[in-house]
Amino acid sequence: MRPHIPVTNPAAPLDAGQARGGPLRPCLVVIGGLPGVGKTTVCREVLGLRPMTWLRIDSIEQALRESGEMRPGTPGGAGYAAAAAVSRDVLATGGDVLAECVNPMPLTRRLWEATAGDLGCAFLGVELVCSDAGEHRRRVEGRASDIKGLVLPDWREVRTRDYEPWPEAGLRLDTARLPPAGAAGRIIRALSTLLGAGP
């Protein structure tokens, strides 16, 4: 079952100077990809280069499970909707947002694009992949959760997960060939170009 993710109650748009792409124009960067491709590691590297509000869907969904608002195994639409709502609030006040999520299907990707677009903010979608299946499996089987209570998927669950390629992403980076610092550098350079170019 796919999640239902409503796009409702958008925050007020930015003022004219921000919407034109002026120096205060905030940005939403979404880093997606299958579990184990290195999203969290790359996000930490990005944050070391550019401070942003970091929203992790895994953290939000785990909090919802612990509260009883989301049952284990339930499609994660609630987590994406909550993260998008917080993103709108941050972006509307001029802050930058870095969202980390699997972002597995066009529905979730449109949600992020709409979140930025409704406010006239810059948007950069980044898909991380790991082209080396052996390395990907090693990462999945060797990692430990840094979110209390979160049970990580095993290799079989990762391989059979519902995930569609993201051809519209602004960047597609292969973490089997690019170290985390290198991936972060590519993301920051792409974001700088995007902000400099304006709409």
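Buried residues account for 44% of the 199 residues in the chain, and this figure, like everything below, comes from a predicted model. The chain is built from eight helices and five strands, which follow one another along the sequence in the pattern α-β-α-β-α-α-β-α-β-α-α-β-α. Among the contacts between residues at least 6 apart in sequence, 79% join residues that are at least 24 apart.

**Confidence in the model**

- The average pLDDT of the chain is 88, and 83% of the residues reach a score of at least 70.
- Over residues 1-22 the pLDDT stays under 50, although the model has 49 contacts beyond four places in sequence for this stretch.
- Where pLDDT is low, the predicted coordinates should not be read in detail.

**Strand S4 and its neighbours**

- Strand S4, which covers residues 122-129, has seven of its eight residues buried, so the strand is largely enclosed by the rest of the structure.
- Strand S1 (residues 27-32) pairs with S4 in the parallel sense over six bridges, and within S4 it is glycine 125 that stands opposite valine 30.
- Strand S5 (residues 171-174) also pairs with S4, in the parallel sense and over four bridges, and in S5 the bridge partner of glutamate 127 is arginine 172.
- Arginine 172, whose place is in strand S5, has a relative accessibility of 57% and therefore counts as exposed.
- Leaving aside residues up to four places away in sequence, arginine 172 touches Glu127 and Val129.
- The C-alpha atoms of arginine 172 and valine 126 are separated by 5.9 Å, while the two residues are 46 residues apart along the chain.

**Aromatic rings and a charge over a ring**

- The structure holds one aromatic pair, formed by tyrosine 80 and tryptophan 112, with 6.3 Å from centre to centre and 55° between the planes, an arrangement classed as tilted.
- Because tyrosine 80 lies in helix H4 (residues 77-92) and tryptophan 112 in helix H5 (residues 106-117), the pair ties together parts that are 32 residues apart in sequence.
- Both partners are buried: tyrosine 80 has a relative accessibility of 5%, and tryptophan 112 has one of 0%.
- A further ring, that of tyrosine 163, has the charged end of arginine 109 sitting over it, at 5.5 Å from the ring centre.

**Asparagine 103**

- Asparagine 103 is found in the loop between strand S3 (97-100) and helix H5, and with a relative accessibility of 0% it counts as buried.
- The backbone of asparagine 103 has a positive phi of about 55°, although this residue is not a glycine.
- When residues up to four places away in sequence are not counted, asparagine 103 touches Val30, Gly32, Tyr80, Thr108, Arg109, Trp112, Tyr163 and Trp166.
- Among these contacts are Tyr80 and Trp112, which form the tilted aromatic pair, as well as Arg109 and Tyr163, the residues in which a charged end sits over a ring.
- Val30 is also in the list of residues touched by asparagine 103, and valine 30 is the residue that stands opposite glycine 125 in S4.

**Cysteines**

- The structure holds zero disulfides, and for cysteine 27 the nearest cysteine sulfur, which belongs to cysteine 121, is 8.4 Å away; a disulfide would call for sulfur atoms within 2.5 Å.
- Cysteine 27 counts as buried at 0% relative accessibility.
- Cysteine 130 is likewise buried, with a relative accessible area of 11%.

**Leucine 91 in helix H4**

- Leucine 91 lies in helix H4, the helix that also holds tyrosine 80.
- With a relative accessible area of 0%, leucine 91 is buried.
- From C-alpha to C-alpha, leucine 91 and threonine 53 are 9.6 Å apart in space, and along the sequence they are 38 residues apart.

Methods. Residues numbered from 1 in each chain as written. Predicted model: local features only at pLDDT ≥ 70, side-chain atom pairs only at ≥ 80, totals over all residues. Heavy atoms only, no water. Phe/Tyr/Trp six-rings, centres within 6.5 Å; stacked < 30°, edge-to-face > 60°. Helix = DSSP H or I, 4+ residues; strand = E, 2+ residues; numbered from the N terminus. Buried < 20%, exposed > 50% of the residue type's maximum accessible area, 1.4 Å probe, protein only. Lys NZ or Arg CZ within 6 Å of the ring centre and 35° of its normal. Pairing = 2+ DSSP bridges. pLDDT = per-residue confidence, 0-100. Contact = heavy atoms within 4.5 Å.
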